[in-house]
Amino acid sequence: MFLEPQFHRSPRETHTGWIEVICGSMFSGKTEELIRRVKRAIIAKQKVKIVKPILDTRYHQTNVVSHNSNYIEAIPVEHSKEILSIAKGSEVIGIDEAQFFDNHLTEICIELANQGKRVIVSGLDMDFEGNPFGQMPYLMSIAEFVTKLHAICARCGNIASYSFRLSAAKEKVLLGEKNEYEPRCRRCFLEGMQQRKELESRQLNIF
Ligand code: ZN
């Protein structure tokens with residue numbers, strides 16, 4: 001389990017920030033882990049702000065909501081550059097669903113950490129095709145701490161790191177619930193992708 005390297009600094013000490021990344025597939029508990037860390041920072045009486053991309057409107061607009069209704073307030077943000085002004089006066093910044101932010105997010109996180117803030121980023125590391133998602137690979141490279149969480153494969157019960165899309169829709173930004181995706185291990189993910197490819201080529205041959 002992740003333990004914070006430090007909570008409090010004396011005001012005279014040179015402030016040093018850092019970046020933490022929480023990544024993994026869908027249903028791996030990323031948001032729950034973000035909430036856990038943020039709650040501990042609040043207990044340590046630190047000033048915390050949480051942001052999330054504005055397109056995630058699955059639930060209440062101003063809450064970071066995890067699947068078990070364990071929630072905490074978040075500010076919806078359209079462009080990652082807005083995070084700089086939101087973060088003013090805060091010691092800890094949580095960023096949820098980071099994979100959906102624009103490609104300035106990495107430089108914004110670096111700027112915040114350089115200002116002495118603790119930046120906690122949570123997001124999907126891979127999209128539904130198994131490719132690195134948005135700014136996540138860059139954030140994982142530059143972060144001091146990376147926590148990769150795993151779900152359980154819905155097919156075989158092994159450790160799952162892929163989010164398999166059950167529907168045929170192609171758009172990358174499809175915000176899903178349990179009926180649209182399922183966590184899968186590498187083998188079951190590959191099997192599913194192969195089956196889909198065969199199905200698609202068969203349909204093409206019919207017409
Ligand atoms: Zn499996």
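**Exercise 1.** Determine whether T106 is buried or exposed in this predicted model.

*Solution.* Step 1: the relative accessible area of T106 is 10%. Step 2: a residue is classed as buried under 20%. Step 3: T106 is therefore buried, because its 10% falls under that cut-off.

**Exercise 2.** Place T106 in the secondary structure and list its contacts beyond four places in sequence.

*Solution.* Step 1: T106 belongs to helix 3, which spans residues 105-114. Step 2: with neighbours within four places in sequence set aside, T106 contacts Q135, Y138, L139 and I142.

**Exercise 3.** Identify the residues that touch the most other members of the largest nonpolar core, and the elements that supply at least two of its residues.

*Solution.* Step 1: this core has 22 residues, and I83, I95 and V121 touch the most other members. Step 2: at least two residues each come from strand 1 (18-24), helix 2 (82-86), strand 6 (92-95), helix 3, strand 7 (118-124) and helix 4 (136-142). Step 3: helix 3 gives the largest share, five residues. Step 4: apart from neighbours within four places in sequence, I83 is in contact with V51, V77, I93, I95, F101, L105, I108 and L112. Step 5: a second, separate core has eleven residues, among them I22, I35, I72 and V92.

**Exercise 4.** State what share of the protein's residues is buried, and what share of contacts with a separation of 6 or more joins residues 24 or more positions apart.

*Solution.* Step 1: of the 207 residues, 46% are buried. Step 2: residues 24 or more positions apart account for 69% of those contacts.

Terms used:
Residues numbered from 1 in each chain as written. Predicted model: local features only at pLDDT ≥ 70, side-chain atom pairs only at ≥ 80, totals over all residues. Heavy atoms only, no water. Buried < 20%, exposed > 50% of the residue type's maximum accessible area, 1.4 Å probe, protein only. Contact = heavy atoms within 4.5 Å. Core = buried A, V, L, I, M, F, W, Y, C linked by side-chain atoms within 4.5 Å.
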